[in-house]
Amino acid sequence: MSISSVAKRFSPAMRHSSQLLGESLPRRLTLLLQSCSGPTLLRQGKQVHAFLIVNRISSESYIEERILGMYAMCGSFSDCGKMFHRLDLRRGSIRPWNSIITSFVRVGLMNQALSFYFKMLMFGVSPDVSTFPCLVKACVALKNLRGVEFLKDTVSCRGMDCNEYVASSLIKAYLEYGKIDVASELFDRVGKRDCVIWNVMLNGHAKCGDLDSVMKGFSGMRMDKISPNVVTFDCVLSLCASKSLTDLGVQLHGLAVVSGFEFEGSIKNSLLSMYSKCGRFDDACKLFRMMSRADTVTWNCMISGYVQSGIMKESLVCFSEMLSSGVLPDAITFSSLLPSISRFENLEYCRQIHCYIMRHSVPLDIFLTSALIDAYFKCRGVSTAQKIFRQCNSVDVVVFTAMISGYLHNGLITDALEMFKRMVNVEMCPNEITLVSILPVIGGLLALKLGRELHGFIIKKGFNKRCNVGSAVIDMYAKCARMDLAHEIFGRLSKKDIVSWNSMITRCAQSDDPSAAIDVFRQMGVSGISFDCVSISSVLSACATIASESFGKAIHCFMIRHCSLSSDVYSESTLIGMYAKCGNLNSAMNVFERMEEKNIVSWNTIIAAYGNHGRLKDSLRLFHEMVENNGVPPDKITFLEIISACCHAGDVDEGVRFFRSMTEDYGIQPQQEHYACLVDLFGRAGRLKEAYETVKGMPFAPDAGVWGTLLGACRLHKNVELAKVASGKLMDLDPGNSGYYVLISNAHADAGEWGGVTKARSIMKERGVEKVPGTSWIEINKIKHAFVSGDEYHPEHSHMHSLINLLLEELKLEGYVPQPYLPMHPHSSRKLNPAAKGMVDANNV
């Protein structure tokens, strides 16, 4: 058998066999053995070895070393070991040792590679520049920083730290540990720097987010006349994408075109990603259409770009085109696509995607699993999401976070908390996204003790320095009615972003002191943070609550000066609500009519504005205009506002008609609020029997709001028996609400049942429920004046009471007879003076 016949037998491994025959015998043998460089070519390598044995060529030392290298490359450690022990190790050749060390590192046997290195030293064999890169890689894989430092010292002692290959491996190792200074020092020692070592250094700076160092390094590379390659462009373009550096990205695109790399390898995908993340998705689409061929990564970039740009329908079209082009999607494709399915909340689409994944055996990695769980939760497929979680072989913090967020999205607060406890029980440390997801759950449950414990964990782990976590902690304390702690945490935040400011303004607006929201809003302006739509909407809500039209008008002027805010439909809708609650319907309507875009929120707001002012006809006119002329379908809030308007106007028949129409004509199922409104409609008209029948006929258990509405109607029409039924339910559902105790006590007082009054007060005292005094306020000359029942602290108190007495005297001359809010107890010796008769507070039992 000749060597030419051996070469022909595995010509696929050695493509240019004719070139092989033209070389000298040693060269031909070396080329053949080098060709067998993978596990699939082990059989051909053994054939070459057999040929050498038959022809008695294998005894030469350099041939034996090549055979050893071949077995090492093919991963055949048994043959490799046999060859190694046959070698004459006393010759001191480094090649067989390097071959063994390299093969160990390649298959992940890092400890064995290091052991062989020390065994090599024992045989007196000195390492060369090919030895150290593999050893450094082994230490990094074992997370052995001391080993890396030992090798660095060894390299320095042997004078090899100037070699670009050795230095490159050490630099990469130190960058893995974040030791950028040591890496820079090693880099500076290298005399001859090639593109590889420049790329290692650039990637290290990019990983640390150090843009200046990356650009300085890139410029230095160009000055050294080192041409950037594909890896260089990928590194710098990825940084441009993450930092939204559009201009620099465009310049790099131009350089890539000049260098002939525009459609080379991964550069095209890096360019697509850069344009998408920099908000230039139109340019990304143009570049995509110019490509002659797109691979899976390219399609993934486009799908991800559509989703990130909010163009969800186009992402589905892009996915369909990908399948039509014959390119198979992978796990990243579906991880990018599923958020668009979530946006449509279409459970059938979600199931189809899931079926495709299972049918084509797409590997379910952690990211795809969490994306599937998130999609099912947002499409209301809770049971399927739970099933996917149970079938997971391994879960990490990302999957747990998806489960917690999903439960929270579906209102399953208890399940979300249980999932968090399960995560803690398996000793998995939550990340900041998990904490931001679970803190609202704790706030919703008013679990202050648990919230404080979690806050302690956040401080211990250093998460309190993150703005998003700090904002979630503030929100949690605010929901637990601890605005004092919320203000304290907010003051401690070292860096406040717009989210933390908005969170504080929103919670102040919803607290017992809405005026604090205006103060925080002013502080935000002084701090230099620009207001956004959320800031404006939140502070306008506070203005509406305290009826501060003057400050609301100032906000309106600010919105007009900043076009982006004045064109936001939600901010304008809040502005309409503010003017309406301040009693200025004309301004509310002017804002509504001038809106460029009107959605269901703005229509609901203006309908509610007229309804709350008792102008039912205008509310109904606007409703028909919305549905018939503008084609905007009503939602559950629309019907709530219409029925509420009927309550204010006392039109029971119209209210009942709309309640039925909601279900029959629009398929909207009534919620607790709708039933409470219907009960109020019947109650105000004195039709208590129908109100009670409505409560009993509800398809779900009535909440405290429904029973409270019925109790108010009973008190108004002095139906004590029905009031007892309602109060009994309320004592169980909401025993801490002082308002319900006041209502039942007043109902008994109206009926002259003083024993019932005493009993209600006694229960209230036993349960430690304190009555919150009612507050009234009025704004005069941009100054708010607040009044509490029995309050004598106002500086103009005496003057106001004198004026009220004069007004009462004038009213009595006109025939007005003052009536006390409640009848007097028969044994009471208290006498009412004329002023007191007219000023008895509605909250005074």
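Lys636 lies in helix α40, which spans residues 636–649; helices here are DSSP runs of H or I with at least four residues, strands are E runs of at least two, and both are numbered from the N terminus. The model is a predicted one, in which local features need pLDDT of at least 70 and side-chain atom pairs pLDDT 80 or more, while totals for chains, interfaces and linings use all residues. Residues are numbered from 1 along each chain as its sequence is written, and side-chain values use heavy atoms, without hydrogens or water.

Lys636 counts as partly exposed because its relative accessibility is 42%, and that class lies between buried (under 20%) and exposed (over 50%), with a 1.4 Å probe and protein chains only. Leaving aside residues up to four places away in sequence, Lys636 touches Ile668, Gln671 and His674, where contact means heavy atoms within 4.5 Å. Thr663 is 27 residues from Lys636 in sequence, and their C-alpha atoms are 9.9 Å apart.

Elsewhere, the axes of helix α24 (residues 382–391) and helix α25 (residues 397–409) come within 11 Å and cross at roughly 165°. The axes are lines fitted to C-alpha atoms over the stretch in contact, with angles from 0 to 180 degrees between N-to-C directions. The two helices are therefore roughly antiparallel, a term for angles over 145 degrees. Val382, Ala385, Gln386 and Phe389 of α24 meet Val399, Phe400, Met403 and Tyr407 of α25.

Across the protein there are 49 helices and two strands. Of its 845 residues, 47% are buried. Among contacts between residues at least 6 apart in sequence, 58% join residues at least 24 apart.

Methods. Parallel < 35°, antiparallel > 145°, perpendicular 65-115°, else oblique.
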